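These are my notebook entries on a structure I went through with a few plain questions in mind.

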Amino acid sequence: MSDTQTLIENRPPSVATLFLERVAATPDAEAYRYPVPPASGEGPDDWKSLSWGETAERVFAIAAGLIELGVQPEQRVALSSSTRVEWILADLGILCAGAATTTVYPQTNADESAFIVSDSESRVLFAENAEQLAKAQEKRAELPELTHVVVIDAEGVETGDWVLTLAELEARGAARLEKDPDLIKEKVGAITKDQLATLIYTSGTTGRPKGVRLPHDNWAYMAKAIAATGLISAEDVQYLWLPLAHVFGKVLTSGQIEVGHVTAVDGRVDKIIENLPVVQPTYMAAVPRIFEKVYNGVAAKARAGGGAKYKIFQWASEVAREYAKASQDNFRRTGTASAPFGLSAKHRVADALVYSKIREAFGGRLRAAVSGSAALAPEIGYFFAGVGIHILEGYGLTESSAASFVNPGEAYRTGTVGKPLPGTEVRIADDGEILLRGPGIMEGYHGLPEKTAEVLESDGWFHTGDIGELSPDGYLRITDRKKDLIKTSGGKYIAPAEVEGQFKAVCPYVSNILVHGADRNFCTALIALDEAAILGWAEENGLGGKPYAEVVAAPETVALVEGYVKQLNEGLQRWQTIKKFRLLPRDLDVEHGEITPSLKLKRPVVEREYKHLIDEMYAGTREA
């Protein structure tokens, strides 16, 4: 048995156990950094730190406070907050009390939040602020199981029997620990690997979301398996901004506890550009939309600098892609990432002119970025690879505790999601569906045995619903969601995500695109443009000062996008080509339910909302 297998197979029963081991091993080492905005509201944030020992002090007080409120092992405690250090402290507190965390996105409306809290039978709710508390108060009559709400940011909040602040909870816990100092150690020691640790509700595109039951063993396995990949080390600094209510954000906390590196936590997406040079991360995880936005932003800036600057950027982009492809091909053949002499010489020039500035914008020390949650357009992946920002695509689902596949460091291959994590098995079914088995797979859907049986076989194989291909040496390429494959009326199958990804690589103004064509005789597209990028273009093209909706309706804008659609079509099979498109009057967003909080497109919602535009594109055509 290899050292890796031994490490994974001899894992402890829970991440709570790993946390106690981490605190004992490196109590004085820095664990977390977090921003404190200036009192005046102006100027840069002040970043503060918590050591592992200080983290433990707060986590144990939260855990003891929950026990004081009567929370029993495996009982659910809901957590509705954006990504911040208190989210992690509360989650660890819940786990160390032997209870289970129910995650709720702060953007979730009152109705759905109440459904999640009620369906999970959560006893206590951590609410980020007055806004999150108000949702619970509005639905209090529907939440008889909910005995207390703990508010993290108590500004403007009235406390009482039902509502207390995080500071008050910690004070109660600290008082209990004075009388019973071994309380938490005993609680953690009693946790079994099959005990429920987390309930994460998947944002269903139709119907109510389903609660995915993830026991403690899932997270202990993830912690050990991530460490075993060798992708992270104790010297790393991670920048964590992803929603912790999502399984992708949550799994990043497990790997960190096992390895013991620093994590800088700030979920404010509008602060990413400002934070990167301050945090100077060595690695971070993101979703494709972030890399698309950065790429579009860099392209727009170059265009604004005039024709010569834009030509240099376009040339440098092509060099980056060629260099990345050549380097990866060479690594596959020889084990060395190198490119031919002439291309390397061009790359050095482009690096001085363009790439070094992009790396600086990421903080200057970024060794790798992990991308997941949706497919990254390969052309964007190759661009960043050539720039020196190595994007390691990974793959997993809520039902598989997020990290089932990841690209292996230097041997990464753009356009694939890499190899399975140690201990995870994969096979491709006859219809192309990816099946997974291993210690990361969920126990089942909460209270839904029939739904569980639909996806989880008795021998442990989980049906992902994704279609993919495995290379002879074990790299997985996702081609599409099984249910998202389009079959045209001519009988041709099309993977819309593939076409959408290619369009994002050619058009620097796109924010979201949905390709439609099921049971039709040709494909069409609904396109939403990136507001900042298209308004910048509008300034230079006689449309300055007009609102977004007017700019996207202008004939000049339609003609601009039509040029990119033609460019896209040149690289597609005839039956994949986009024959017609419509520009949407606004971008798709979470608030309207058109994309999930992890920025995935909800196809049925968008197609319903813009049915009139789809019908218009097919009006007068004969459907075969």
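**Entry 1, the surface patch.** I began with helices α13 (307-334) and α14 (341-361), each of which supplies at least two residues of the nonpolar patch; helices (H or I, at least four residues) and strands (E, at least two) are DSSP runs, numbered from the N terminus. I note that this is a predicted model, in which local features need pLDDT of at least 70 and side-chain atom pairs count only at pLDDT 80 or more, while totals for chains, interfaces and linings use all residues. Residues are numbered from 1 along each chain as its sequence is written, and side-chain values use heavy atoms, with hydrogens and water left out.

The patch covers about 330 Å² and is made by Ile312, Trp315, Val349 and Leu353. Patches of this kind take residues with over 30% relative accessible area and no salt bridge, nonpolar side chains (Val, Leu, Ile, Met, Phe, Trp, Tyr) being joined within 5 Å and like charges within 9 Å; the areas come from the Shrake-Rupley method with a 1.4 Å probe, and for residues only the protein chains shown count as cover. Trp315 lies in helix α13 and is partly exposed at 34% relative accessibility, where buried means under 20% relative accessible area, exposed over 50% and partly exposed in between (1.4 Å probe, protein chains only).

Which residues touch the most other members of the largest nonpolar core? I found Phe126 and Phe384, in a core of 126 residues; a nonpolar core is a set of buried Ala, Val, Leu, Ile, Met, Phe, Trp, Tyr and Cys residues joined through side-chain atoms within 4.5 Å. Helix α4 (residues 85-96) gives the most to this core, with nine residues. A second, separate core has 31 residues, among them Ala533, Ile534, Ala554 and Leu568. Returning to Phe126 and setting aside its neighbours within four places in sequence, I listed its contacts (heavy atoms within 4.5 Å), which include Ile62, Leu66, Ala90, Ile94 and Leu169.

My search of the whole structure for disulfides (pairs of cysteine sulfur atoms within 2.5 Å) returned zero. The sulfur of Cys507 has its closest cysteine sulfur in Cys523, 18 Å away, which is too far for a bond. Cys507 is buried at 0% relative accessibility, and Cys523 is likewise buried, at 0%.

How many salt bridges does the structure hold? The count is 37, a salt bridge being a side-chain nitrogen of Lys or Arg within 4 Å of a carboxyl oxygen of Asp or Glu.

I followed Glu170 and Arg58, whose side chains meet in a salt bridge at 2.8 Å, N to O. Glu170 lies in helix α7 (residues 166-179) and Arg58 in helix α3 (residues 52-68), so the pair ties together parts 112 residues apart in sequence. Glu170 is buried at 13% relative accessible area, whereas Arg58 is partly exposed at 24%.

I then turned to Arg603 and Glu500, which form a salt bridge of 2.8 Å, N to O. With Arg603 in helix α21 (residues 603-609) and Glu500 in helix α17 (residues 496-506), this pair ties together parts 103 residues apart in sequence. Salt bridges that share partners also join Arg289, Glu292, Lys293, Lys504 and Asp530 into one network.
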